[in-house]
Amino acid sequence: MTEIDAKIDALVPEWLYLPDIAEMLDVEVTRVRQLVKEGQLIAVRRGENRALQVPAAFIDGDKVVKGLSGTLTLLRDDGFTDEEMLEWLFTPDPTLPGTPAQALSENRGTEVKRRAQALAV
């Protein structure tokens, strides 16, 4: 759980607070915190209160976006920090097209994971 710089903050269009995610997923806030601790979600401290927030693009209705956890694991294994993962996931890639986060939400996770694996080479 990290603070975020303005550049990455500008890349992420919408953020959610942990209690809002808990409500969407129909779980306790402690479960959302556990997902962050386990690396299945990235949470950063933002705003005046430095409250933990997660990019809204990581939540699809009542579940975590399919393929996100595996992609985060690949990037973490490649040595990416949370900030670097957010920057990679939310930076437009004209060859995708769109951002990797957008591709994950559109069920194009295989291509996103392929690109994440290629980063290690």
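Me: What should I know about numbering and cut-offs before we start?
Reply: Residues are numbered from 1 along each chain as its sequence is written, and side-chain values use heavy atoms, with hydrogens and water left out. Since this is a predicted model, local features need pLDDT of at least 70 and side-chain atom pairs count only at pLDDT 80 or more, while totals for chains, interfaces and linings use all residues.

Me: Why is Val-54 called buried?
Reply: Buried means under 20% relative accessible area, exposed means over 50%, and partly exposed is in between (1.4 Å probe, protein chains only). Val-54 comes out at 0%, so buried is the label. Val-54 is found in strand 4, where four of the five residues are buried. Strands here are DSSP runs of E with at least two residues, helices are runs of H or I with at least four, and both are numbered from the N terminus.

Me: What does Val-54 touch?
Reply: With contact meaning heavy atoms within 4.5 Å, and not counting residues up to four places away in sequence, Val-54 touches Glu-14, Trp-15, Leu-16, Leu-18, Ile-21, Leu-41, Ile-42 and Ala-43. Val-54 and Glu-14 are 40 residues apart in sequence and 8.7 Å apart in space, C-alpha to C-alpha.

Me: What makes strand 2 and strand 4 a pair?
Reply: Two strands pair if DSSP finds at least two bridges between them. Strand 2 and strand 4 have three, in the antiparallel sense, and Trp-15 stands opposite Pro-55 in strand 4.

Me: How do you know that strand 3 pairs with strand 4?
Reply: By the bridge count again: three bridges join strand 3 (residues 44-46) to strand 4, and the two run antiparallel. Arg-45 stands opposite Leu-52 in strand 4. Strand 3 and strand 4 form a hairpin with four residues between them, and Gly-47 in the turn has a positive phi of about 75°.

Me: Why is Arg-50 called partly exposed?
Reply: Arg-50 has 31% relative accessibility, so it counts as partly exposed. Arg-50 lies in the loop between strand 3 and strand 4, and its phi is near 55°, a positive value in a residue other than glycine.

Me: What makes helix 2 roughly perpendicular to helix 3?
Reply: Axes are lines fitted to C-alpha atoms, for helices over the stretch in contact, and angles run from 0 to 180 degrees between N-to-C directions. Helix 2 and helix 3 pack at about 105°, with their axes 8 Å apart. That angle makes helix 2 roughly perpendicular to helix 3, given that under 35 degrees counts as roughly parallel, over 145 as roughly antiparallel, 65 to 115 as roughly perpendicular and the rest as oblique. Leu-18, Pro-19, Ile-21, Ala-22 and Leu-25 in helix 2 meet Val-29, Val-32, Arg-33 and Leu-35 in helix 3.

Me: And why is helix 4 called roughly parallel to helix 7?
Reply: Their axes come within 9 Å and cross at roughly 5°. That makes helix 4 roughly parallel to helix 7. Gly-70, Thr-71, Leu-74 and Leu-75 in helix 4 meet Val-112, Lys-113, Ala-116 and Gln-117 in helix 7.

Me: How do you know that Val-112 is buried?
Reply: Val-112 has a relative accessible area of 1%, so it is buried. Val-112 lies in helix 7 and touches Thr-71, Trp-88, Pro-100, Ala-103 and Leu-104, not counting residues up to four places away in sequence.

Me: What makes a set of residues a nonpolar core?
Reply: The members are buried Ala, Val, Leu, Ile, Met, Phe, Trp, Tyr and Cys residues joined through side-chain atoms within 4.5 Å. The largest such core has 35 residues, of which Ile-21, Leu-41, Phe-58, Leu-86 and Leu-89 touch the most other members. Helix 5 gives the largest share, five residues.

Me: Where is Pro-97, and which peptide bond is cis?
Reply: Pro-97 is in the loop between helix 5 and helix 6. The bond from Leu-96 to Pro-97 is cis, with omega near -15°.
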